[in-house]
Amino acid sequence: MTKTNYDLEKQHAKGKLHAIERINALCDKDSFYEIYSAAHHNCTSFGMDQKKIPYDGVITGFGKINGKKVAVYAQDFTVQGGSLGKVHGQKIAELMSQAVNAKCPIIGINDSGGARIQEGVDALCGYGELFYQNVRASGYVPQISIIAGPCAGGAVYSPGLTDFIFTVDSISQMFITGPKVVKSVMFLDISAEDLGGASIHSQKSGVAHFRCQNEKNCYEQVRKLLDYIPHYYGENIVAEKFKFDAHKSAKTIANVVPEESKKAYNMHDVINCVIDSGSFFEVMEEFAQNAITGFGKIEGKSVGIVANNPAGLGGILNCDASDKIARFVRYCDAYNIPLVTFVDVPGFIPGPQEEQKGIIRHGAKMIYAYSEATVPKITVVTRKAYGGAYIAMCSKHLGADFVYAWPKSEIAVMGAEGAIEILYAKELKDPLKAELVALKSQEYKDTIMTPTIAAQRDYVSEIIQPEQTRERVARSLEFLENKQQNTMPPKKHGNIPL
């Protein structure tokens, strides 16, 4: 398609690329081919019969990224504000249907004012067909949404149904109702950025998985993500050629966890010692930072990484962290990406705030996701694993294939202080018995919290030294490479506590 300098300048003046520039920045050079370029709306209301809307406001086609095929669409804000009408929606839906048949990822570049009001219910039809195809494709081919402008009303739900959402500082906006509606209904003045800008959705709402500084960086990140994930369900990704170093960062990993059990450390340091150098690609980095999710490579093969992070809220599990982990686990399971879980968790967060937000329901999502997952599951307990959170972080009881624990790790119902307060409540009231209580506290640590008991009960596969972790995980993944598991009774599907 040919665009005028005026069209390009309109976008550039807003700090944005034009739709075709975006596609060319995303795809391999000269690999994109447009389809449905002659599509035209059928609306006659409000003077629409006199309007020529090129390609009905959305460019659709197929191309290649890193040499592999992808389906791409980009809404053109310079054409009727990128608004979605029936034909616009049908073009995208048809492209998605073909992507499912062709087994390739779907990437949508969203820049739209929302439903085309002049088309009325026909515009809603366009959205409905699009949503249906989103669900049909889910778990079969990856779906990636790039928010490259305003997305309001129905325009946010298609991205919301996709696997990964990329936002860009200063130009991305997502909201059900815009600032004007909020002001008229709630009498609240708020900017579009504060209502649904990139930072809001990457840090607070958890809607966005990635936040990028600019469009160029965004397209680079999308291309990078596609190197980590299968491009369709069942694809067998060939591992990169890699010389394995079993003792990589052995000295570093042995010194990451502090001697003092309450002292924080960054679990990223452990992860980076276990996976191939420089291979960690974090997902939802800014949201619920007490949990870590992302992709890494071990011996050149992609794995999904889940971890508690003591550097954020002590690694405790809350509603947001539970959602973040559950969603990521289900994605990895859908595409047969092995899961490696690093555990240092003092429990689920206590208190009325999280209880009223539904921590029971949110925590149950984690339990459901891990229990449902049939991919290889390896768990490493680095320090604390207490109570229900120990179970929820992929314990053997939820189907972990191998659970490894470091020698100084603590696996118990709760920490020693809390346990002693319950077991010796009466004695604690008597100052003369303080020494006895202190001895009992140490006894609890030495006999109950040690990983030895869990290993004796067969809940821990092996107690290993920190510097052995990389080799143990790699060899375990190698052993489980052809794992097949189907232990669920025959049923249509389960009912995850959403």
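Visitor: Which residues line the largest cavity?

Guide: This is a predicted model, in which local features need pLDDT of at least 70 and side-chain atom pairs count only at pLDDT 80 or more, while totals for chains, interfaces and linings use all residues. Residues are numbered from 1 along each chain as its sequence is written, and side-chain values use heavy atoms, with hydrogens and water left out. Rolling a probe the size of a water molecule over the atoms shows where empty space is left. On a 1 Å grid over the protein atoms alone, a cavity is a set of points where a 1.4 Å probe fits but cannot get out, whereas a pocket is an open set with protein on both sides within 12 Å along at least five of seven lines, and lining residues have an atom within 4 Å of a point. Here the largest cavity is lined by Tyr73, Gln75, Leu84, Ile92, Asn110, Ser112, Tyr127, Leu130, Gly154, Ala155 and Ser158. Strand E3 (68-75) and H4 are the elements that give two or more residues to that lining; such helices (H or I, at least four residues) and strands (E, at least two) are DSSP runs, numbered from the N terminus.

Visitor: Which residues line the second largest cavity?

Guide: The lining is made of Tyr73, Met96, Ile106, Gly108, Asn134, Gln143, Ile144, Ser145, Ser158 and Thr162, around a volume of about 40 Å³. Strand E5 supplies the largest share of this lining, with three residues, and by class the lining holds four nonpolar, six polar and no charged residues.

Visitor: How much space lies in the second largest pocket?

Guide: The second largest pocket holds about 490 Å³ of space, and of the 20 residues that line it, Val257, Pro258, Glu259, Lys408 and Ser409 are the closest to its centre. Strand E14 (377-386) and helix H18 (434-447) each supply at least two residues of the lining, with H18 giving the largest share, three residues. The lining of this pocket divides into seven nonpolar, six polar and seven charged residues.

Visitor: How many salt bridges does a search of the whole structure find?

Guide: Side chains of opposite charge can pair when their charged atoms come close. A salt bridge is a side-chain nitrogen of Lys or Arg within 4 Å of a carboxyl oxygen of Asp or Glu, and the search of the whole structure finds 19 of them. One of them joins Asp111 and Lys16, whose closest N and O atoms are 3.1 Å apart. This pair links distant parts of the chain, 95 residues apart, with Asp111 in the loop between strand E4 (106-110) and helix H4 (121-137) and Lys16 in the loop between helix H1 (5-12) and helix H2 (19-26). Lys16 and Asp111 also belong to a network of salt bridges with Arg22 and Glu215.

Visitor: Is Asp111 buried or exposed?

Guide: Buried means under 20% relative accessible area, exposed over 50%, and partly exposed in between (1.4 Å probe, protein chains only). Asp111 counts as buried because its relative accessibility is 0%, and Lys16, at 7%, counts as buried too. In another salt bridge, the closest N and O atoms of Lys396 and Asp458 are 2.9 Å apart; there Lys396 counts as partly exposed at 35%, and Asp458 counts as partly exposed at 46%.

Visitor: Where is Tyr265 found, and which side chain does a polar contact join to that of Tyr265?

Guide: Tyr265 is found in the loop between helix H10 (250-254) and helix H11 (267-274), and is buried, with a relative accessible area of 6%. A polar contact is a pair of N or O atoms within 3.5 Å; within protein, one must be able to donate a hydrogen and the other to accept it, and residues adjacent in sequence count only if both atoms are side-chain atoms. Here the side chains of Tyr265 and Asp344 are joined by such a contact of 2.7 Å.

Methods. Points joined across faces, edges and corners; volume = space filled by probe spheres on them. Nonpolar A, V, L, I, M, F, W, Y, C, P; charged D, E, K, R; others polar.
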